[in-house]
Amino acid sequence: MTAGRIWIRNAAVVVTMDDERRELADAGLLIEDGRIVAVGADPPSVRADWQVINATGCVVTPGLVNTHHHLAQTLTRAVPAGQDAPLFGWLGSLYPVWERMRPEDIFVAAQVGLAELALSGCSMSSDHLYFFANGIRLEDTIEAAATVGMRFHPTRGAMSMGQSSGGLPPDSMVEPEAGILKDCERVIDAFHDPAEGAMVQVGLAPCSPFTVSEGLMRDVAELARDKGVRLHTHLAENAEDVAFSLERFGCLPGDYAADLGWLGDHVWHAHCVTLDEREIGLLAGTGTGVAHCPSSNCRLGSGIAPVRLLRDAGVPIGLGVDGSASSDQGHLLNEARLAMLLQRVNGGAGALSAREALEFATRGGARVLGRSGELGSLESGKRADIAIWDLSGLEAAGAWDPVAALVLCGPFRVRHLLVEGRPVVTDGLLVSLEAGALAETGRTAVARLAG
């Protein structure tokens with residue numbers, strides 16, 4: 001199937017995620033050259049050369065958007081050391097493994113992680129790569145994304161403050177700041193595509209306040225503004241993170257971000273578990289986005305992010321599967337379900353609805369990554385990033401509300417996934433890669449890393 005004219009027909013429900021949040025029964029979509037040209041009723045005439053996807057019994061949604069990941073960690077899932085440790089101890093147990101990784105490991109880790117996301121209905125993913133030992137480059141992940149066919153938003157991360165300077169990582173894993181800034185410029189100039197429909201856009205992402213200096217945070221923020229790219233980092237992930245900020249900088253994480261120019265509608269922060277209401281106001285007032293990562297927050301015992309408060313304040317919210325060493329899986333619908341359940345633990349059964357959680361995974365994620373004008377909803381003129389979900393199996397048997405069932409039931413594997421109108425998953429199988437062979441390549445890399 002190519003990205004010519006495609007008619008998706010007979011869907012049980014098309015979840016548009018448009019401004020009115022319309023859900024259209026017995027509907028379809030018409031796609032032409034990677035763009036949606038009509039949503040709703042069948043076209044008045046159908047040409048024989050159109051490609052037709054029969055979506056009978058299926059729910060059609062915008063492709064899901066993953067706003068935070070560390071794809072390199074895909075080769076360090078379920079590592080025994082650190083399995084039961086909080087954030088800082090968990091990082092300390094894994095730095096020695098990540099230090100041994102090579103460019104070929106990063107490539108296969110990104111392939112595996114993105115393939116897993118694609119099978120869960122994800123059409124666009126960010127990534128936060130922040131260690132560059134042994135010749136690793138950002139393009140190791142960009143090249144991997146091209147083999148899967150997903151839309152990609154890699155970020156050039158960095159660590160510059162090792163243990164001898166009061167940081168968390170070993171000195172052997174940090175980089176000189178001048179070199180970091182130089183490579184940030186290189187990857188933007190080489191790979192960032194600002195055009196509509198871009199398959200690759202690059203962001204800048206110093207790892208965290210406990211791994212880089214205040215000077216680098218300021219310099220990267222200025223560079224991002226000059227280059228017109230987005231900014232990303234970890235913020236207020238747990239109580240340890242807050243304690244570090246208070247001890248080292250004399251302020252809370254939200255104030256630290258404000259002082260260094262890390263607020264604005266071109267910025268998004270991962271986690272934000274421990275923000276207070278005043279800090280939430282700082283984010284809301286500047287349009288700063290949040291990547292909510294519920295599985296990782298649970299796995300590391302970091303806490304429950306105040307998502308209801310963030311949403312009510314107007315903070316843009318997307319979902320992130322986070323690194324596969326801290327969530328151990330990459331299924332964005334599962335994150336939506338857990339996000340909903342955790343808010344209900346804190347705020348009661350009405351704290352977050354299934355449809356709100358699904359919105360985080362689609363429209364919300366597109367907004368956080370700066371693509372809401374093109375992606376995140378199914379509307380005429382938007383890019384054709386589309387997920388088709390077959391709810392005829394046992395996972396949803398007995399479900400009365402098929403849209404809510406996507407979040408409440410499952411887990412589901414996407415039936416078809418289109419990105420820019422091109423097939424990435426067809427009939428539940430990857431189009432460009434063979435999952436079994438890819439998994440075996442990943443196991444071979446793990447055997448070397450563990451040896």
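**Salt bridges, cavities and a serine**

Colleague: Quick one to start: is Glu 420 buried or exposed?

Modeller: Glu 420 is buried, because its relative accessible area is 9%, and the cut-off for buried is under 20%. Keep in mind that this is a predicted model.

Colleague: OK. So which residue does Glu 420 form a salt bridge with?

Modeller: Arg 383 is the partner, and the closest N and O atoms of the two are 2.3 Å apart.

Colleague: Which residues do salt bridges with shared partners join into one network?

Modeller: That network takes in Arg 21, Arg 308, Arg 311, Asp 312, Glu 356 and Glu 359.

Colleague: Let's stay with that group. What does Arg 21 form a salt bridge with?

Modeller: With Glu 359, where the closest N and O atoms are 3.1 Å apart. This pair links distant parts of the chain, 338 residues apart: Arg 21 is in the loop between β1 (5-15) and β2 (23-32), and Glu 359 is in helix α12 (residues 354-368).

Colleague: How does burial look for those two? Start with Arg 21.

Modeller: Arg 21 is partly exposed, at 34% relative accessible area. Glu 359, on the other hand, is buried at 11%.

Colleague: Which Arg side chain meets Glu 359 at 3.6 Å, N to O?

Modeller: Arg 311 does, in a salt bridge. Glu 359 belongs to helix α12 and Arg 311 to helix α10 (residues 307-313), so that pair ties together parts 48 residues apart in sequence. Arg 311 counts as partly exposed, at 26% relative accessibility.

Colleague: How many salt bridges does the count come to?

Modeller: The count is 29.

Colleague: Changing topic: how many cavities of 30 Å³ or more turn up in the whole structure?

Modeller: The search finds four. The volume of the largest cavity is about 130 Å³.

Colleague: What lines the largest cavity?

Modeller: There are 18 lining residues, and the ones nearest the centre are Leu 87, Leu 91, Tyr 130, His 234 and Glu 237. Helix α1 (residues 87-98) gives the most to that lining, with four residues. Sorted by class, the lining has eight nonpolar, eight polar and two charged residues.

Colleague: And how much space lies in the second largest cavity?

Modeller: About 40 Å³. Among the residues lining the second largest cavity are Pro 209, Met 217, Tyr 256, Trp 262 and His 269. Both β10 (231-235) and α7 (253-259) supply at least two residues of that lining.

Colleague: Last topic, Ser 296. Where does Ser 296 lie?

Modeller: Ser 296 is in helix α9 (residues 294-299). Ser 296 counts as buried, because its relative accessibility is 0%.

Colleague: Which residues does Ser 296 touch, leaving out those up to four places away in sequence?

Modeller: Ser 296 touches His 271, Asp 322, Ser 326 and Ser 327.

How values were computed. Residues numbered from 1 in each chain as written. Predicted model: local features only at pLDDT ≥ 70, side-chain atom pairs only at ≥ 80, totals over all residues. Heavy atoms only, no water. Buried < 20%, exposed > 50% of the residue type's maximum accessible area, 1.4 Å probe, protein only. Contact = heavy atoms within 4.5 Å. 1 Å grid on protein atoms, 1.4 Å probe; cavity = no way out; pocket = protein on both sides within 12 Å on 5 of 7 lines; lining within 4 Å. Points joined across faces, edges and corners; volume = space filled by probe spheres on them. Nonpolar A, V, L, I, M, F, W, Y, C, P; charged D, E, K, R; others polar. Salt bridge = Lys/Arg side-chain N within 4 Å of Asp/Glu carboxyl O.
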